[in-house]
Amino acid sequence: MKRIYLSPPHLGSDESELLQDALASNWIAPLGPHVDAFEKEFAQLLDVPHAAAVSSGTAALHLALKLLGVCPGDTVICPTLTFCASANPIVYEGARPVFLDVDPATWNLDPDLLEAELHDGAVNGRLPRAVVVVDLYGQSADHDAILDLCSHYEVPVVEDAAEALGASYKGKMVGTFGQLGVFSFNGNKIITTSGGGMLVSHDAALLERARFLATQARDPAPHYQHSAIGYNYRLSNLLAAVGRGQLRVLRERVAARRRIFQQYHAALADLPGLRFMPHASYGEPNCWLTCITLDPAEFGASREDVCDALQAANVEARPLWKPLHLQPIFADCRVRGGAVARRLFERGLCLPSGSAMNDEDMERIIGVICAVYVQGRPSRSGEQRPRARAAVI
Ligand SMILES: *Cc1c(COP(=O)(O)O)cnc(C)c1O
């Protein structure tokens, strides 16, 4: 049986030709016509004026925090339920993350906790330098609520939309809500350049500074002159060519992932104790990963049981992100709440969601989950077992 991966790359038809063009032009450098075109096409798609292509989502986040003036001794707010790359760049700048719990209705940053944290910060004269807000697993955070609070306290927002390209919030594309927005084109994301990222903003000066810092901070002089510490963070022209091809199929990739979510939902939603990540009514997720939680008492088997069974069927599935306040590296950071994220981590599972999956793949995965459920039920006479609908797909 071929292995089914969680979220493998899915190339379209144009990448190879675009890459060939980049090779033939000899622009084999962290700049060139494909980088310029990729930035322009990306900005158009998102309806933002400025986009800078960089070597990773993490690099984009690092630049964003630098541009907002994050310094040693500062604090920066970040949701605890996310990938470590949302918070690592805070530490690169010598600042401390403060982790906030997530809202069980969206799995994203809880605006009530943000309000409490900002209120206390204002009272104590220690407001955070910035807020990193994440659009988790392709679902938008509640940006209006978050931006209202942050503008009231004059704290800038970086939107980590690494997982959410193509998702929307109240009709607008995510990634466009903070002072700066960040995307990733890592191999497991909804579109990929193998590795890469994008920084977007409405503020031309901020992005000009980002480009400057990302290309070794070269002052305008005939010799190499530097008055700031820079980085080598720009995206290769070769990879930008791949990115342009991927951008052309983004709509189809989002549609495919949404369809996969619907298929899982249709087949599994009736199983007792199995719940899907709730979809908030304020937006349209890109369904980057379909995520479920399992209540072992109701479902009759644990998340580990399901994970092991999928593994045995050569299917990759993974627990949700381990909350950052539970990570050894962030053990001494402050956290407000945390029980919601911890519980999601204990019970949550990401199911394979690659846009190239076919019905046969879906049947294998759904069949395994249903089989674990059925095995977990001690069959008692008279008990009506809800019928798994796997066969319908
Ligand atoms: C993938 C990811 C990143 C980092 O992106 P890279 O391109 O891998 O550096 C940051 N934040 C979140 C939420 C991610 O999922």
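Contact is taken here to mean heavy atoms within 4.5 Å. The structure is a predicted model, in which local features need pLDDT of at least 70 and side-chain atom pairs count only at pLDDT 80 or more, whereas totals for chains, interfaces and linings use all residues. Residues are numbered from 1 along each chain as its sequence is written, and side-chain values use heavy atoms, with hydrogens and water left out.

Under this criterion, and leaving aside residues up to four places away in sequence, S168 touches S140, M173, V174, G283 and E284. S168 lies in strand β6 (residues 168-169), where helices (H or I, at least four residues) and strands (E, at least two) are DSSP runs numbered from the N terminus. With a relative accessibility of 14%, S168 counts as buried, the classes being buried for under 20% relative accessible area, exposed for over 50% and partly exposed in between (1.4 Å probe, protein chains only).

Strand β6 belongs to an open sheet of three strands, ordered β7-β6-β11 and paired in antiparallel fashion; two strands pair if DSSP finds at least two bridges between them. The edge strands of this sheet are β7 (172-173) and β11 (283-284), each of which pairs on one side only. Two bridges join β6 to β11, and Y169 stands opposite G283 in β11.

A parallel arrangement is found around strand β3 (residues 96-100), which is joined by five bridges to strand β2 (residues 75-79) and by three bridges to strand β14 (residues 334-336).

Among the helices, the axes of α1 (residues 15-25) and α8 (residues 237-248) come within 8 Å and cross at roughly 155°, axes being lines fitted to C-alpha atoms, for helices over the stretch in contact, with angles from 0 to 180 degrees between N-to-C directions. The two helices are therefore roughly antiparallel to each other, a label applied to angles over 145 degrees, as against roughly parallel under 35, roughly perpendicular from 65 to 115 and oblique for the rest. The contact brings E15, L18, L19, A22 and L23 of α1 against N237, L238, A241, V242, R244, G245, Q246 and R248 of α8. These residues divide into seven nonpolar, three polar and three charged, with Ala, Val, Leu, Ile, Met, Phe, Trp, Tyr, Cys and Pro counted as nonpolar, Asp, Glu, Lys and Arg as charged, and the others, Gly among them, as polar.
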